Amino acid sequence: MKRLFLLVLLLVAALPLVAQDMIVRRDGTIVTSKVMEISSSEIKYKKFTNPDGPLYTLKVSEVLSINFENGEVERFDQAAAVQVPAAEPAKPAEPQLIEVVADANNQALLDRYNNSQVKILRQKSADKEMKSDYYYKFGFTQNSVLSNQDVEVVYLVNEAPTRSHRDIRITNKTDKTIYVDLSRCFRINLDGSSHTYYDGSRQTAVTNAGSTGVSVHLGAGVSIGGGATNAVTTTYTNERILTIPPHSHGYLSTLKMVGKEVITEGEPWKTTYAMPWVVKRWKIYNFTEANTPGRFSYTVTYSKDADFSTYSQVKAELYIQQVLGFGIDYWVGKWEIEWDKQSCIVTYYNPLK
């Protein structure tokens, strides 16, 4: 009888162990429980000692296995690791604008243009009075930057047999290559319209061989003209990026061939912007930045990084400094006005043509 009584006691004591679920965590601890629900990410259970108590939750990633009361075992050793949302691809850093500071010679360049003189040759004619033909003479505003620590921008007259215009030359003053983004180089005209210097045309290389000739390369191995050995080649490009080597220069204008001569399609010589009053012949009208009847501007965008992670802009604004009434004797080709073509920025208006 004694032995039978002890056996019954042991069986009764073992019943709770059989009737409970055992959750084995990955840290080695065991939770005696009644498992209520298993999902792909969570295990919900109640404590075995308090079956009517609150519902608890464990992440599947924290559990190694569950030993159920019926003897079945479910293992989670192959469970997926905690799902971490994939990080969004890093956005490329915004290009950084580096402000420019006018160089020491900037004011001297401004003065050179602003103090230049236009001279009228008074070829008086009693029987002809041309009231609507006149010249604009431009000056630069004092906040214009023509020269900074990196570049110098100058405006040059280029007179060809069939055209006359002004080129914009950019000189690289540094020991590094400078890249000019022509798609972000533009001119705002007197009438408010704009012109961008990127036209997608092909690259042109000009080889100077002293006095022995000039050779022009138009890409794809095509060349025009002759040259000599030990020649120096300067490459100009009218693709989007104009590359200017150290201590060299390039042009915003488009290079092209006319016969055997290399010329540039530069700034226009004429303009269609008319004064709001009748300009009288021989009359000179002078203006300041404050009362000028018209302005236009240039913006040149460049970088010393090929990827333009940093970039700078030089900006120049011109204003009508003088309006000069004139007349041209077209029949003999005699001009009635003259100026220093290296320092006076001028253009003329002729509604009769």
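**Close-up views of a predicted model**

Figure 1. Strand β27 (residues 345-349) is largely enclosed by the rest of the structure, because 5 of its 5 residues are buried. Here a strand is a DSSP run of E with at least two residues, a helix is a run of H or I with at least four, and both are numbered from the N terminus. Buried means under 20% relative accessible area and exposed means over 50%, computed with a 1.4 Å probe on protein chains only. The model is predicted: local features need pLDDT of at least 70, side-chain atom pairs count only at pLDDT 80 or more, and totals for chains, interfaces and linings use all residues. Residues are numbered from 1 along each chain as its sequence is written, and side-chain values use heavy atoms, with hydrogens and water left out. From β27, Ile345, Thr347 and Tyr349 point one way, while Val346 and Tyr348 point the other way, and all are buried. Strand β27 pairs with β9 in the antiparallel sense over 5 bridges; pairing requires that DSSP find at least two bridges between two strands. Within this pairing, Ile345 of β27 has Phe138 opposite it.

**Figure 2. The whole chain, for orientation.** The protein chain contains 2 helices and 27 strands. Of its 353 residues, 38% are buried. Among contacts with a separation of 6 or more, 65% are between residues 24 or more positions apart; a contact means heavy atoms within 4.5 Å.

Figure 3. Strands β2 (residues 30-38) and β3 (residues 42-47) run antiparallel and are joined by 5 bridges. Together they form a hairpin, with 3 residues between the two strands. Ile43 in β3 stands opposite Ile38. Strand β3 also pairs with strand β4 (residues 56-59), in the antiparallel sense and over 4 bridges. Ile43 takes part here too, with Leu58 in β4 as its bridge partner.

Figure 4. A search of the whole structure finds 1 cavity of 30 Å³ or more. A cavity is a set of points, on a 1 Å grid over the protein atoms alone, where a 1.4 Å probe fits but cannot get out, and its lining residues have an atom within 4 Å of a point. The largest cavity has a volume of about 50 Å³, a volume being the space filled by probe spheres set on points joined across faces, edges and corners. The elements that give two or more residues to its lining are β10 (151-160), β24 and β25. Strand β25 gives the most, with 3 residues. The lining consists of Val145, Leu146, Val153, Tyr155, Tyr298, Val300, Val314, Lys315 and Ala316. By class, 8 of the lining residues are nonpolar, none is polar and 1 is charged. In this scheme Ala, Val, Leu, Ile, Met, Phe, Trp, Tyr, Cys and Pro are nonpolar, Asp, Glu, Lys and Arg are charged, and the others, Gly among them, are polar.

**Figure 5. Ser144 and its contacts.** Ser144 belongs to the loop between β9 (134-140) and β10. Ser144 counts as buried because its relative accessibility is 2%. Its side chain makes a polar contact of 3.0 Å with the side chain of Thr141. A polar contact is a pair of N or O atoms within 3.5 Å; within protein, one atom must be able to donate a hydrogen and the other to accept it, and residues adjacent in sequence count only if both atoms are side-chain atoms. A polar atom of the Ser144 side chain also lies 2.9 Å from the backbone nitrogen of Glu317. Leaving aside residues up to four places away in sequence, Ser144 touches Asn106, Leu110, Lys315, Ala316 and Glu317.

**Figure 6. The loop holding Asp307 and Phe308.** Asp307 is found in the loop between β24 (295-303) and β25 (310-325), and Phe308 lies in the loop between these strands as well. Asp307 is exposed because its relative accessible area is 60%, whereas Phe308, at 9% relative accessibility, counts as buried. A polar atom of the Asp307 side chain lies 3.1 Å from the backbone nitrogen of Ser309. Asp307 and Tyr179 are 128 residues apart in sequence, and their C-alpha atoms are 9.2 Å apart in space. Phe308, a residue other than glycine, has a positive phi near 55°. Most residues other than glycine have a negative phi.

**Figure 7. His247 in a loop.** His247 is found in the loop between β19 (241-244) and β20 (249-251). With a relative accessible area of 53%, His247 is exposed. Its phi is positive, near 55°, in a residue other than glycine.

Methods
1 Å grid on protein atoms, 1.4 Å probe; cavity = no way out; pocket = protein on both sides within 12 Å on 5 of 7 lines; lining within 4 Å.
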